[in-house]
Amino acid sequence: MQQTYNSKMPLATLISTFLIGIAMWGPIYCIPPMESILKEALSLSHGQVGLMFSAPALMVVAMSIPAGIVADKIGVRRAVGIGLVVMVAGAVTRGMVNSYAGLLSSMFIFGGGFAWTFTNLPKIVSTFAGRAKAVVTMGLVNSGMPVGTALGMALTIPVILPITRSYQGAFLVWSIPTVIVAILWWVIVREPQPNKRLGGFPKPAKTQASFRTVIRNKNVILISALMFLHQFFIWSWTGWAPTLLMLKGASPGLAGLIASMTIWVIIPTFLLMPGLSYKLGLRKPFLWIPSVVLAFIAWLATQASVLVSWFIMALAGVAAATRFTTLFTLPIEIMPGEDVGTASGVMLSLGYTGAVVGPLVGGGILDASQSLDKMLLVLVFASVAAALVGLRIPETGTKPMHGLVTRV
C-alpha cells in the first residue's frame, strides 16, 4: 500500500532545519576573520588557511551522491541526524587541537557532516512539506545559511575572541550551535507519518535518461560552468574579504563586520528577487547582469577605501544572491522532470569544485605577492566569463515549468 506524507512541515521541524543553516555555516565563516591570527599562531601560509576554509566544500563534491543514496534508504531524519553528529565531532575536536594537521583533519570531519546534512536539505523540505509548499518552505530554510555566515564573520573577532582569548576557545564557542541543533533534531524531529486522508505516497519517478545523456546536454554544461564560476567568486570573495579590508587599514573586528555585509543582504535578496524574476517572466537578465555588476565590484575593490567598502560588500551580496537563486532553479526549467535530479547533481558537484579552487588560488596569489589585487583581477575575468555564459543559457522564464508538476 502506498503512503503519502503530510503536506505541511511541522513548526518544530521547520525551526530545527532553519537552525541547521546557522550551525553549518557559522563554524566555517568564523575562519576568515581569524585568518591573520591562525597564520601567526601556527606559522601558516595563506594557502594553508584557504585549504582549511574550503575543506567542507571539498567534502560536498566528494559526498553529495552517497549522502542522498543513504537518505533514500534509511530516511531523511536519520541521515541528517548522522550528519549533524559528525559535524559536532569535527567542530568540538577543532577547538581542542593546537596544530595545523589537527585543525585540517577536524575541518574535514566537520565537512563530512556538513556535506551529509547540506545535500539532504532539499530532501527534508520535499519529505516534510511536499511539492506544493516546497518553494516557500525552502526560502525559509535557506535563510538560516546567510544568517550563520554573517554571524560567523561579524561576531568572532569583536565578541567571541575577547571572551575566549584564543582561537581554540573561539572554535569551541562555534561548536555550541552544532551541539544544540543535533540534540534538537534527534529529540523533537520525527519521520513524517502517513496521511491516510490523502491516500498514497507516489513512487519516485524512474530515470528515463542515462547520466551520460545528461552530461552531454549543452544546457547542463552551461549551467554547471556558471555555477563553477559563481562558487569560485563567492567563496574567494567572502573568504578573503576580511584580509583585503585589513590590508586597506581596517582593524580585524571592523574588517569582519564590513565583510559580513555581503552575507546579510542575501536574506532579503533570496526573498525578493525570485518574485521579481517570476513577475517579469525572465531569467537571463538575472544571470548576466549580476555577473557584470560583480566584475565591476571586483575591479572597484582594488581602489576603494574602507568607507566605500561598506557599499561594495553589500552590492556584491545582492548581485551574488540574485545570480545564485536564479541559477539554482534552472535544472527544473531546462530539463524533463525525470532528469532534474541528475542535472542538479552535476551542477552542484562541478559548482563546489569552484568553491575549493577559489580560496586556494587566492591564498597562493597572496603568498606570492602579499596583495589581493591580482586575485581581484582574476575575479573580474571570472565574472566577465560568467556574464558570457549567462547570455548563452536559453531563456526559460516564459516556458512551462514542467519540472514543478512531475511526481515526487
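1. R165 sits in the loop between helix 8 (144–164) and helix 9 (167–173). Helices here are DSSP runs (H or I, at least four residues), as strands are (E, at least two), numbered from the N terminus. R165 has a positive phi of about 65 degrees, although it is not a glycine.

2. Before going on, remember that this is a predicted model, where local features need pLDDT of at least 70, side-chain atom pairs count only at pLDDT 80 or more, and totals for chains, interfaces and linings use all residues. Residues are numbered from 1 along each chain as its sequence is written, and side-chain values use heavy atoms, with hydrogens and water left out.

3. Now look at S43, in the loop between helix 2 (35–42) and helix 3 (46–74). S43 is not a glycine, yet has a positive phi of about 55 degrees. With 65% relative accessibility, S43 counts as exposed.

4. Is T117 buried or exposed? T117 counts as buried because its relative accessibility is 0%. You'll find T117 in helix 5 (residues 100–119). Leaving out residues up to four places away in sequence, T117 touches I20, M24, V80, G83, L84 and M87; a contact means heavy atoms within 4.5 Å.

5. Next, the cavities. A cavity is a set of points, on a 1 Å grid over the protein atoms alone, where a 1.4 Å probe fits but cannot get out, and lining residues have an atom within 4 Å of a point. Grid points are joined across faces, edges and corners, and a volume is the space filled by probe spheres set on the points. The count comes to two cavities of 30 Å³ or more.

6. The largest cavity holds about 70 Å³ of space. Helix 12 (218–247) and helix 20 (373–392) each supply at least two residues of its lining, and helix 12 gives the most, with five. By class, this lining has nine nonpolar, one polar and no charged residues. Nonpolar covers Ala, Val, Leu, Ile, Met, Phe, Trp, Tyr, Cys and Pro; charged covers Asp, Glu, Lys and Arg; the others, Gly among them, are polar.

7. The second largest cavity has about 60 Å³ of space. Its lining residues include E35, F53 and W240. Helix 3 provides the largest share of that lining, three residues.

Notes:
Buried means under 20% relative accessible area, exposed over 50%, partly exposed in between (1.4 Å probe, protein chains only). On a 1 Å grid over the protein atoms alone, a cavity is a set of points where a 1.4 Å probe fits but cannot get out, and a pocket is an open set with protein on both sides within 12 Å along at least five of seven lines; lining residues have an atom within 4 Å of a point.
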